[in-house]
Amino acid sequence: VTRYTRYLVAASVAVLAGQGACGSRVDDVPIAIDLVHQYQDAKKQPSAASFAVSDVTIEGQTKSSIVSRGSTRLTFHVTVPVRGRFRVFVASPPGPSAENAGSILFLVGISDGHTYRDVQSRELSPRTRPSDRHWLDVSVDLAEYENMTIDLILNVRVSDGGPELAAWGSPAVVTR
Amino acid sequence: MMSRRTPSAFTFTICAALVAAIGIAVVYAGQIDVGLYYDDYHFVRPLFPLDLHRVWFGSWDPAGIESVFYRPLTAYLFAGRFWLFGLNTTAMHAVSIAGHALCAVMVGWFLRREGSGTGIALLGVLLYAAHPSLPQAQVSWLTNQMHLTESLMVLLTLLTWQGSRERPLLWLPIAVLAIAIFLVKEDGLMLLPSLVLLTALRSVILGTGLPRRWPLLLGSGVALCGALVALRFERLGRLGGYGVPTLATGYANFTKGIGATLFLWPTRTPWQAVASGMAILAIAVGLALGRWRHNRRLLFVSGLGLAIALCFNLPPISFPRSYPLFAWQALASGVAISTLVIGAGVALWRADRQSLFVITAGCLLVLAFNTPFVLVSKREQYHLLTLGGVLALAGAAQALATIPVRPTARIVLVLLLVAALLPFPLLARSQAAAFLPCAANVLELDKEARGWWVVPEELRHWMDDKANRCRDNARPTPLTDIPQLAWGVYPEGPAGTPSGTRWTSDRAVFLLKRDATVFSLALRRSDATSSQPVRVTLRSGTSSVTILLDSDEKKYATLRLRPGLLVTLRQNQRVDMTVDGWFVPAVRDPRSSDLRRFGVAFDVVEIHYSHQRQTMSPSSMALPISAPAPAPMIVPSVFDPPGAMMLPSTPPLMPPMIRPVVPSSRRQ
């Protein structure tokens, strides 16, 4: 039993060490594609007037962001680097009618030209949930699409009475 | 224990192979032919490195046609199969038959090692070889070679388990096999739980005791299963498959698999009535022969109860119907239920622990591998359930064989058993016939497959031709007779390029007729310059040629094709093209939505054959090669898309034509 126990402990330590080395360092990783810089090239729906680039400060944290108003879609062509990962912070900054009690849904989708799929979603209700009044970290592993050109699609869906503004903070493709 | 008359391992293997061959011949002779069936049309194709990378991180089908599953090894299996056989469906079906025969022999081995007599082990081989569930699940449908692979691996694991039950370290190969099986198909997850339960069952029924370090083995098994499920979910980012059914549908799914494989339960109620009637008769005879014994009352009452319960299935026998009452499906089901019930009854009556273990082991495998099918249950995925069903039937037959009777009566019993099993291969034969190229359902599904974006144009023309031939009662031509097939090519270029010229992706694969000796292409990229050249490499076997495009001028690439082992296996010449310097329109122009990779514009100029010459180009475009003396020109066959092989006489640069990438969808 002693020998097996040793193997098990060694394997567990190795797994935990590996996780420690690979995880929790999202902020430090190098940015391969800064999507704020590519904002001009992105396809904007329903119209460019629904979007703006600005620095948004929430809870004392300022991030260069793409801000949208209402339900929108932003599509970036991205050629995914090796070990690529999409990282963004989402939040709903206070708008003119900040007392809205509804929710706002952030959806990240990917199209490879043949199929589309939602890969991440976050629903925020900043009026009713205090924890939604911060920047929320969203991260999508793009390993499946390594070396491919894909459409990275950022959707915002606003429910009735939901917040008007959505902020995509520091959107970027990073390498792990 | 095996008696002294037990044949040697070699003799047994030869006998088992012969029995398997007989069973397979009865079922599949003349029932396997050229052609593909449904999913085959997009799985029988080359998978490029990008696809092979993607399958480790997402769906097994990067084309997005299939439902989402995590089966990376299956994708590699299909890629390897295409590399080896191309479109030679005859060879691929031969592999299926050989693999199925190997599985059947391994079933015999499993039974023999569990103490079954040689006759029973060979009966198991025969039952497996001719089982009606398997044409669809692993023999006649090329896509289901993944099931065949899974069956082979599961049987190999079961044989390994038989040799390593007492030695914990030998469970390591089992763990490796379990991981591999899971990466072939997800229902392989149930293998480790099945082995754990089989070990426990053996301990309870045969009193063998549990292996040393049993808790450690149990814990490791649970951890490994959990890790595999977590890996799948992490890689797919979702449950995948067909979604979660309602409780009622889940229950119906679960019972469907058990009924279909243990009892061969028919789909029509009048046939269910016939099967039930046969089982009632068998139970009645069994009870009459057993008579009332004080110490077997419970068993007697159970048999009686089962017979009464089966009576509820009888009324539909009088329902009006437009089909015969006595069909192979009904008779096979009646035989299966009767054999199982009477065999289990005899094993319990006589406390025959060996037979009881084999019966319960088979049932356990059915239950275990049926569990994932709560989500969705389809007959084409019952290959592992069938394995359990065959073991249970063999166990029941083993119990019947232990009844002490006179030699003459034994011969009569054996003859009765063989006659009773006849519906099995005959039903299986009709199942296999449903996959013949001109079968109605095959032609109907061809129409759907024809619309998949991944199916090459030339293959679509072949499908049209096949439908016409079937209508005229003629045999479809082999796929290997198609003069030229290409994957990784587009019928038109990106927006802003002339129409009518085909383009390659960054990689393309061409299949040509086997006797092709020279393959010539005209290549062009209008934006190629000396500072940004485009390199195109053509490879076939050991031959290769590289062309550097450094201007917008057309250049010619000519590759000499040679015979070889792979050419024989494929019955085709294969040419691989790689383009360095490809581009994506959406990257060049953010307003474009075209995410495809484009290599070069091309035209097939000339294909020479060993005995004749086929010219695709205008005479003004003679090739810069020392071609053999011109032979009679061959008129392009009906498969050649009109104009697809003609090189425009002037370099075409026409106005842009945008063709959006149309997402495809398929069955749910």
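Chain A has an accessible surface of about 8,700 Å², and carbon and sulfur atoms hold 52% of that. Areas here are Shrake-Rupley values with a 1.4 Å probe, and for residues only the protein chains shown count as cover.

Before going on, the conventions. This is a predicted model, in which local features need pLDDT of at least 70 and side-chain atom pairs count only at pLDDT 80 or more, while totals for chains, interfaces and linings use all residues. Residues are numbered from 1 along each chain as its sequence is written, chains are lettered from A and ligands numbered from 1 in the order in which they are written, and side-chain values use heavy atoms, with hydrogens and water left out.

Staying with chain A: 45% of its 176 residues count as buried, meaning under 20% relative accessible area, with exposed being over 50% and partly exposed in between (1.4 Å probe, protein chains only). Chain A contains 1 helix and 11 strands. Helices (H or I, at least four residues) and strands (E, at least two) are DSSP runs numbered from the N terminus. In sequence order the pattern is α-β-β-β-β-β-β-β-β-β-β-β. Taking contacts in chain A with a separation of 6 or more, 75% are between residues 24 or more positions apart; a contact is heavy atoms within 4.5 Å.

Now chain B, starting with helix 13, residues 269-290. Its 22 residues should span 32 Å at 1.5 Å a residue, and the end C-alpha atoms are 31 Å apart, which agrees. The expected span is 1.5 Å times one less than the number of residues. After helix 13 of chain B comes R291(B), with a positive phi near 55°.

Next, the cysteines. How many disulfides does a search of the whole structure find? There is 1 over all chains, a disulfide being a pair of cysteine sulfur atoms within 2.5 Å. The partners are C438(B) and C470(B), with sulfur atoms 1.9 Å apart. The link of C438(B) and C470(B) is left-handed, at -75° about the S-S bond. It joins distant parts of the chain, 32 residues apart: C438(B) lies in the loop between helix 19 (423-433) and helix 20 (440-449) of chain B, and C470(B) in helix 21 (residues 457-471). C438(B) is partly exposed at 32% relative accessible area, whereas C470(B) is buried at 10%.

C103(B) is in no disulfide. C15(B) is partly exposed, at 31% relative accessible area, and C103(B) is buried, at 0%.
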